[in-house]
Amino acid sequence: MKFSSFHVVEMVLEDANERFAPLFEPVPERVDFLKQYCEAFDVLIDEQDVDSFNVEIDEINMTVNIDLVMMTVECSRTQPQLGQLIQRAMSFRVQAEDGDHLKLSFVYPSLWEKTA
Amino acid sequence: MSDKAYGRGFEDDERAEKELSDLMKKIAEAIMKDESGLSIEDPKRLAEFKTCYQILRTILRGRNIKMNAVPHDDFPSVGTISFEAKDFSVTDTDLFARACALASNYEMYPKLDGTIVFNLTFYGMTRKVDN
């Protein structure tokens, strides 16, 4: 079965939805946008030989934090996915991981809003 | 019976090394031929190079980041912007991504000392003048 980053994200979101309910509920349009981002992540994961994909929800800021761990990143103009994913993030961070890997961290806005 | 014949044996290291060396020489000759002759700076590409450098310098200012922008020593048509840092983060992600998109390609890799290298390469910095 082919890896789909949105499957991972969906599981994390289900858990977060339960924790944030009944005060907050996810906005379907925002989830759709995140699904599109995950499609770009899938392409990036295939192209860049990514070792791990991790999703966390920041419970205080309610942001969606996505980390990728890989050896190197190489992008040309015909591979716009990384740039597009950076552009849509609130913040982007690169750190060295275990001496010989890179950790790319993307923070995306909250998917939830207060229930009416 | 198999149709396959004994056409090719295993290559020894010495022969493989020679073949690789010959190939590298051919590639170098092709590049040198392409780079030779009269060429002038491409103003549009040069402007993109400078813009990218200015944006990155502005975004990353005030942090412990080593940054430089140089034309390639051997190939004048290639320019490189590179920076090194322990780690870096950007909040102006739109501008950062647009700056990176100006480059022909970019790469990131970790060094053994724990720093990260980010290289942006610009091809087509010069344009050939036809005689």
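Buried residues make up 28% of the 116 residues in chain A, where buried means 20 or more other C-beta atoms within 10 Å of a residue's own, exposed means 12 or fewer, partly exposed lies in between, and C-beta atoms are placed from the backbone. This is a predicted model, in which local features need pLDDT of at least 70 and side-chain atom pairs count only at pLDDT 80 or more, while totals for chains, interfaces and linings use all residues. Residues are numbered from 1 along each chain as its sequence is written, and chains are lettered from A and ligands numbered from 1 in the order in which they are written.

Chain A has three helices and seven strands; these are DSSP runs numbered from the N terminus, helices being H or I of at least four residues and strands E of at least two. Their order along the sequence is α-β-α-β-β-β-α-β-β-β. The C-alpha trace of chain A spans about 45 × 30 × 30 Å along its principal axes.

Now the helix pair. Helix H3 (residues 81–88) of chain A packs against helix H3 (residues 93–102) of chain B at an angle of about 160°, with the axes 7 Å apart. Axes are lines fitted to C-alpha atoms, for helices over the stretch in contact, and angles run from 0 to 180 degrees between N-to-C directions. H3(A) and H3(B) are therefore roughly antiparallel to each other, a label for angles over 145 degrees, with under 35 roughly parallel, 65 to 115 roughly perpendicular and the rest oblique.

On the chain A side, A:Gly83, A:Ile86 and A:Gln87 take part, and they meet B:Thr93, B:Asp94, B:Phe96, B:Ala97, B:Cys100 and B:Ala101 of H3(B). Contact here means C-beta atoms, placed from the backbone, within 7 Å. By type, the residues of this helix contact are five nonpolar, three polar and one charged. Ala, Val, Leu, Ile, Met, Phe, Trp, Tyr, Cys and Pro count as nonpolar, Asp, Glu, Lys and Arg as charged, and the others, Gly among them, as polar.

The contact between the chains takes 20 residues from chain A and 21 residues from chain B. On the side of chain A that touches chain B, the elements giving two or more residues are strand S4 (73–76), H3, strand S5 (91–97) and strand S6 (101–108). S5(A) gives the largest share, six residues. That side of chain A divides into eight nonpolar, eight polar and four charged residues.

Note on methods. Two residues are in contact if their C-beta atoms, placed from the backbone, lie within 7 Å.
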